[in-house]
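Student: Could you take me closely through one part of this structure, the place where the two chains meet, and then relate it to whatever else can be said about each chain?

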Amino acid sequence: MAETMDTAALAEVLDPRIIVTGLEAKGKEDVFRDLADRLEAARYVADADSFIDAIHEREQQGATGIGGYVAIPHGRSDTVKRNGVAVAVLKDEIPWESLDDTGAKVVVLFAVGSDDEGSKRHLQLLSLFARRLAKADVVKSLIAATDVDQVKAALLND
Amino acid sequence: MKIVGVTACTIGIAHTYLAQQKLQDAAEAAGDQIKIETQGTIGIENALTDEDIAGADVVILAVDIKIADEDRFKGKKVVRVSTDTAIKSPNKLIEKLHEIVSK
């Protein structure tokens, strides 16, 4: 797979309206609320509350903290009108169930609709983000990001 | 060493692909050849061919759900773990595959 093509495609998905840095949160619920509201305001989801319910459903199935201070909660729901990825870089680490017992400093929230028609390409893009988050250097730059441009750079650079 | 495998998680959006990348990076760091098929929401990607499977020394299944066509791996050495294990300790897992193959 050509990396340059990936990067162009990923850039298209990264929407500054649903990226936040320096977020002050006491726990995961604060992060869900902030990002769900942003997703609603940017019309990715029709109803933030329903979307938070969908996130909770996934949270109950097991840890979404993938280690290295990164959490990737996700919700799949009819309320998602447009697939998207919201990113919160947190001011301080918060508790989060994770694979390596670290908390979360970065939360990458995937919003995915229930309707598969026409969304396959978009889902492919989301899968590219998941792959990026497997890279230690990507995670390191992401945690250090202090503005939206740095978040984008962290996720787009190889 | 040649490794093939499949990753698949319950929702099929994130862990499937994270596990794939972690396994690929760990195997390449260990000097192995690896090909990992993903079975996610978008269907099957990077599908393993019959030749891939025939040529593999070992099969790694990092899966949280029942996967499609598991009987392809009949007769091969198969190691099954959760996607969490592949994401958390990919290097250890590749080491374990080496042990199993050298037995």
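Tutor: What follows looks at the contact between the two chains and then at single residues on either side.

The model is a predicted one, and the values below should be read with that in mind. Across the contact, 18 residues of chain B are in contact with 21 residues of chain A. The size of an interface is often given as the accessible area lost when the parts come together. Here the area buried between chain B and chain A is about 1900 Å², and carbon and sulfur atoms give 65% of that area.

Turning to particular interactions, the count of salt bridges between chain B and chain A is 1, and the side chains that form this bridge are those of K135(A) and D25(B), with a distance of 3.1 Å from N to O. Between the two chains there are also 5 residue pairs in polar contact, where both residues have pLDDT of 80 or more. On the chain B side, helix 1 (15–29) and helix 3 (83–88) each supply at least two residues of the side that touches chain A, and helix 1 of chain B gives the largest share of that side, with 7 residues. Sorted by class, the side of chain B that touches chain A has 7 nonpolar, 6 polar and 5 charged residues.

Leaving aside its neighbours within four places in sequence, T83(B) is in contact with A8(B), C9(B), H15(B), A19(B), A62(B), V63(B) and D64(B).

Over residues 1–99, chain B is 36% helix and 28% strand, and the C-alpha atoms at the ends are 11 Å apart.

Each chain also has a residue whose backbone deserves a second look. Most residues other than glycine have a negative phi. In chain B, D69(B) has a positive phi of about 60° although it is not a glycine; D69(B) lies in the loop between strand 4 (58–63) and strand 5 (78–81) of chain B, and it is partly exposed, with a relative accessible area of 48%. In chain A, Y69(A) has a positive phi of about 70° and is likewise not a glycine; Y69(A) is found in the loop between strand 2 (65–67) and strand 3 (70–71) of chain A, where it is partly exposed, with a relative accessible area of 28%.

D15(A) sits in the loop between helix 1 (3–13) and strand 1 (19–23) of chain A, and D15(A) is buried, with a relative accessible area of 9%. The side chain of D15(A) makes a polar contact with the side chain of R17(A) at 2.8 Å, and another with the side chain of Y44(A) at 2.7 Å. S141(A), by contrast, counts as partly exposed at 36% relative accessibility, and its place is in helix 5 (residues 136–144) of chain A. From C-alpha to C-alpha, S141(A) and V31(A) are 20 Å apart in space, while 110 residues separate them in sequence.

Technical notes:
Residues are numbered from 1 along each chain as its sequence is written. Chains are lettered from A and ligands numbered from 1 in the order in which they are written. Side-chain values use heavy atoms; hydrogens and water are left out. Contact means heavy atoms within 4.5 Å. Buried area is the accessible area (1.4 Å probe) that two parts lose on being put together, summed over both. A salt bridge is a side-chain nitrogen of Lys or Arg within 4 Å of a carboxyl oxygen of Asp or Glu. A polar contact is a pair of N or O atoms within 3.5 Å; within protein, one must be able to donate a hydrogen and the other to accept it, and residues adjacent in sequence count only if both atoms are side-chain atoms. Helices (H or I, at least four residues) and strands (E, at least two) are DSSP runs, numbered from the N terminus. Ala, Val, Leu, Ile, Met, Phe, Trp, Tyr, Cys and Pro count as nonpolar, Asp, Glu, Lys and Arg as charged, and the others, Gly among them, as polar. Buried means under 20% relative accessible area, exposed over 50%, partly exposed in between (1.4 Å probe, protein chains only).
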